[in-house]
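Please consider the structure below with attention to its charged pairs, its disulfide and its strands. The paragraphs that follow take these topics in turn.

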Amino acid sequence: METSLRKVLQKRQVTAIIFLLLLWEAGGAAVKYSVLEETDKGSLVGNLAKDLGLSLRELVIRGAQILSKGNKQLLLLEQNTGNLLLKEKLDREELCGSTDPCILPFQVLLNSPVQFIQGEIQLQDVNDHAPEFTDDEVLLKIVESSHPGAVFPLTIAQDLDTGSNTVQNYTISTNSHFHLLTRNHSDGRKYPELVLDRALDREEQAQLRLTLKALDGGSPPKTGTTQVVIVVLDINDNAPEFAQELYKVRVQENSPVGSLVVTVSARDLDAGAHGELSYSLFQSSNQVLRAFEINADTGEIRVRKLLDFEEIQSYCMEIEASDGGGLSGKCTVVIDVMDVNDNAPELTMSLLVSDIPENSPETVVAIFGISDPDSGDNGKTVCSIPDHLPFFLKATEGNFYTLLTEGPLDRESRAEYNITITVSDMGSPRLTTQHTIAVQVSDINDNAPAFTQSSYTLSVRENNSPALHIGTIRATDSDSGSNAHITYSLLPSQDPQLALTSLISINADNGQLFALRALDYEVMQNFEFLVGATDQGSPALSSQALVRVLVLDDNDNAPFVLYPLQNASAPCTELLPRAAEPGYLVTKVVAVDCDSGQNAWLSFQLLKATEPGLFSVWAHNGEVRTTRLLSERDAPKHRLLLLVKDNGDPQRSASVTLHVLLVDGFSQPYLPLPEVARDMEHDEDSLTLYLVIALASVSSLFLLSVLLFVGVRLCRRARETPLGPFSVPEGHFPGHLVDVSGAGTLSQSYQYEVCLKGGTGTNEFKFLKPALSDFLSEEVYRNTEENSNFRDCLGFS
């Protein structure tokens with residue numbers, strides 16, 4: 001793993017070094033092309049791949065782009081052929097004006113690695129404009145005293161083309177007084193001069209009309225014409241003269257329309273109409289005529305439209321002062337336009353990477369160009385980004401900048417950056433342009449899931465239903481997407497005796513824990529296990545947390561009486577001396593409860609006693625004590641029914657029966673045989689029920705016998721005294737009705753002595769001796785079963 005990481009780092013270092021070397025070499029090469037203006041869109045300029053010495057594959061891999069000044073792209077690069085095509089039809093006059101040659105610079109950007117190659121296109125002029133004169137008619141006043149050979153300059157024709165396609169020659173219509181010469185200005189423009197061949201005679205001809213024609217050098221040539229009207233004047237021997245032959249002034253480009261630039265002044269020594277002067281712009285270009293105007297009377301030159309230093313930096317014009325006699329004088333005015341900082345810098349984005357993986361080393365985010373059409377300090381720019389961001393700018397060739405990361409980014413700290421690029425010029429006041437780009441940091445799986453708690457403690461009540469939701473664990477992952485998708489699982493238990501998979505299950509998606517079966521507090525009070533959380537990234541990262549489950553006790557076990565035992569062969573009988581003082585400890589009932597907490601808090605209560613006021617039981621310790629002194633009237637045997645209950649919800653309880661036998665001394669019990677210590681009260685209640693049933697049966701049989709006897713007697717007409725309803729016949733009862741020996745119709749388990757008292761109308765039965773075999777058998781069975789359950793609770797076998 002470390003070797004692979006080291007190789008990746010070395011590879012990135014080599015790439016960075018090559019990138020820096022290419023930046024130093026950028027701009028060393030240059031490609032040049034030439035194309036005619038008005039060439040159709042999509043026309044071939046040249047094969048860029050061939051001219052750069054690159055194969056088409058290299059051109060595609062390195063991501064070649066064509067960058068033009070400003071946001072307007074003039075060229076289009078075909079990636080599959082390497083051909084450089086025109087993106088639109090180019091107009092030389094629109095792009096370069098009168099500048100010759102017309103050079104359009106561009107740059108070739110190779111992205112990987114970054115390399116800049118300078119290029120230019122020379123836009124060649126075609127003859128698509130004809131010469132044009134400013135006015136359709138030119139008025140020329142010539143005094144009749146002019147001598148042959150006198151030269152009269154004429155207005156110049158404008159042609160937007162350049163080179164040989166601009167005006168090359170002038171001609172004038174045939175006449176007997178003039179011929180035409182074509183002259184060159186210092187700036188290369190050609191202008192016509194009219195030369196007088198023969199003296200004029202105003203009286204012979206006061207006005208001449210000639211046609212002036214301008215021809216360019218195209219093939220075929222294009223022409224433009226104007227009419228020259230020559231007015232012959234009387235003699236005027238003094239021409240106007242300017243105070244200066246050259247006026248040089250400076251005007252700021254933001255000067256408002258109508259502002260005064262300069263005032264020119266001339267004088268004429270003639271008097272009258274020959275001395276009255278009129279000022280005008282002479283042989284001025286269309287650019288001058290659109291930008292300035294002159295007051296014909298005062299000579300004030302004012303701004304006609306807003307000037308733009310970036311379009312034209314200087315204007316040169318001739319001012320003509322004409323008197324009323326047709327003479328004129330000329331001067332030259334040079335107006336230099338001063339640049340003001342009226343253009344904010346422009347930013348052109350060439351390459352933008354909007355999604356960067358986190359933990360990546362120094363990475364190129366964007367490449368952009370800066371331009372400002374102003375001049376001097378107004379055109380110098382400074383580029384910056386906020387200091388608190390992990391990015392930096394690197395200046396490259398030709399006012400291009402590269403935006404790079406300072407180092408690895410962390411998406412979990414910040415997932416998006418809005419980078420504001422600020423470009424300011426050095427003018428006064430400074431103008432600023434801002435461009436904001438958004439950079440997203442894409443996620444890689446570099447964070448393991450983290451549990452919200454290092455350990456979890458959950459609780460569940462015993463005897464729960466299967467599949468019970470007992471709690472939820474939660475882990476978070478600061479990554480995003482699949483890298484943050486968490487799967488939960490149970491880790492293998494370190495305790496071989498803990499069958500974890502049969503106790504607990506977990507929902508892999510949301511971490512919910514479920515108890516698979518009912519838990520028993522008396523078997524297991526708590527258990528621990530580990531839960532793992534794994535993300536879905538590559539490679540997958542995981543973490544684990546400890547979960548402790550506490551089983552809460554339910555009141556599912558009733559108290560169990562350890563003493564007195566209910567499954568003994570004979571009922572438990574305690575001996576109580578008759579001389580015992582009040583508060584005498586008769587015995588102590590001992591009970592336990594397998595539950596815990598308040599479910600195991602036991603209390604004792606005396607439910608029933610043969611003598612209710614004689615005994616009491618302490619609620620918290622089960623001690624049975626006497627409450628008063630014993631007397632001779634107290635029964636010799638007492639039966640106590642005690643209740644033991646817990647403090648659970650719902651409450652559970654158990655009962656126990658205790659027999660107390662009164663004795664005069666521990667050496668001689670009051671009853672001679674211990675087997676007489678039985679539950680007399682319980683037997684008497686049962687026996688009474690049986691006796692009532694038996695007496696009802698005997699009475700019915702007796703009544704039936706009497707009725708039969710009376711009937712027989714009446715039928716026999718016997719003279720016998722009738723029996724009263726409450727009389728008892730003498731003699732014994734029939735043997736089949738009552739058998740005092742235990743062999744009669746009543747239960748054989750009991751013996752009775754029947755005593756009939758005459759005159760009272762009632763029958764009294766005296767209890768002699770109940771048979772308790774059935775009761776004892778049932779009681780022994782019940783106590784045996786309870787002892788077995790208690791032994792299971794305590795883990796005894």
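Arg92, Glu93 and Asp125 are linked in a network of salt bridges; a salt bridge is a side-chain nitrogen of Lys or Arg within 4 Å of a carboxyl oxygen of Asp or Glu. The model is a predicted one, in which local features need pLDDT of at least 70, side-chain atom pairs count only at pLDDT 80 or more, and totals for chains, interfaces and linings use all residues. Residues are numbered from 1 along each chain as its sequence is written, and side-chain values use heavy atoms, with hydrogens and water left out.

The structure holds 17 salt bridges. Arg411 takes part in one with Glu412, at 3.2 Å from N to O. Arg411 also forms a salt bridge with Asp443, where the closest N and O atoms are 3.0 Å apart. Asp443 lies in the loop between β33 (432–442) and β34 (450–451), and Arg411 in the loop between β31 (400–405) and β32 (416–425), so this pair ties together parts that are 32 residues apart in sequence. Strands, like helices, are DSSP runs numbered from the N terminus (strands: E, at least two residues; helices: H or I, at least four).

How accessible are these residues? The classes rest on relative accessible area, with buried meaning under 20%, exposed over 50% and partly exposed in between (1.4 Å probe, protein chains only). Arg411 is buried, at 13%, and Asp443 counts as buried at 17%. Glu412, by contrast, is partly exposed, with a relative accessible area of 23%.

A further salt bridge joins the side chains of Glu611 and Arg628 (3.9 Å, N to O). This pair links distant parts of the chain, 17 residues apart: Glu611 is in the loop between β47 (603–609) and β48 (615–617), and Arg628 is in the loop between β49 (623–626) and β50 (637–645). Glu611 counts as partly exposed at 30% relative accessibility, and Arg628 is partly exposed at 27%.

The next topic is the cysteines. A disulfide is a covalent bond between the sulfur atoms of two cysteines. Here a disulfide is assigned to a pair of cysteine sulfur atoms within 2.5 Å, and by this rule the count comes to one. The disulfide is formed by Cys96 and Cys102, with their sulfur atoms 1.8 Å apart. The torsion about their S-S bond is about 60°, so the disulfide is right-handed. Both Cys96 and Cys102 are buried. Cys383 is buried as well, with a relative accessible area of 14%.

Attention now turns to the strands. Strands of a sheet pair through backbone hydrogen bonds, either parallel or antiparallel. In this model two strands are taken to pair if DSSP finds at least two bridges between them. Strand β23 (residues 300–303) is joined to β22 by three bridges, and the two run antiparallel. Within β23, Arg302 stands opposite Glu293.

Strand β40 (residues 512–515) has two pairings. Four bridges join β40 to strand β36 (residues 468–472), in antiparallel fashion, and Gly471 stands opposite Leu513 in β40. Strand β39 (residues 504–506) pairs with β40 in the antiparallel sense over three bridges, and the bridge partner of Ile506 in β40 is Leu513. The hairpin of β39 and β40 has five residues between the strands, and Gly511 takes a positive phi near 75° in this hairpin.

In a regular strand the side chains alternate between the two faces of the sheet. Which residues of strand β40 make up its covered face, and which its uncovered one? The covered face has Leu513 and Ala515, whereas the uncovered face has Gln512 and Phe514.

The last topic is the surface. Leu562, Tyr563 and Val590 make a nonpolar surface patch of about 210 Å². Patches are made of residues with over 30% relative accessible area and no salt bridge, with like charges joined within 9 Å and nonpolar side chains (Val, Leu, Ile, Met, Phe, Trp, Tyr) within 5 Å. Accessible areas come from the Shrake-Rupley method with a 1.4 Å probe, and for residues only the protein chains shown count as cover. Leu562 lies in strand β43 (residues 560–563) and counts as partly exposed at 32% relative accessibility.
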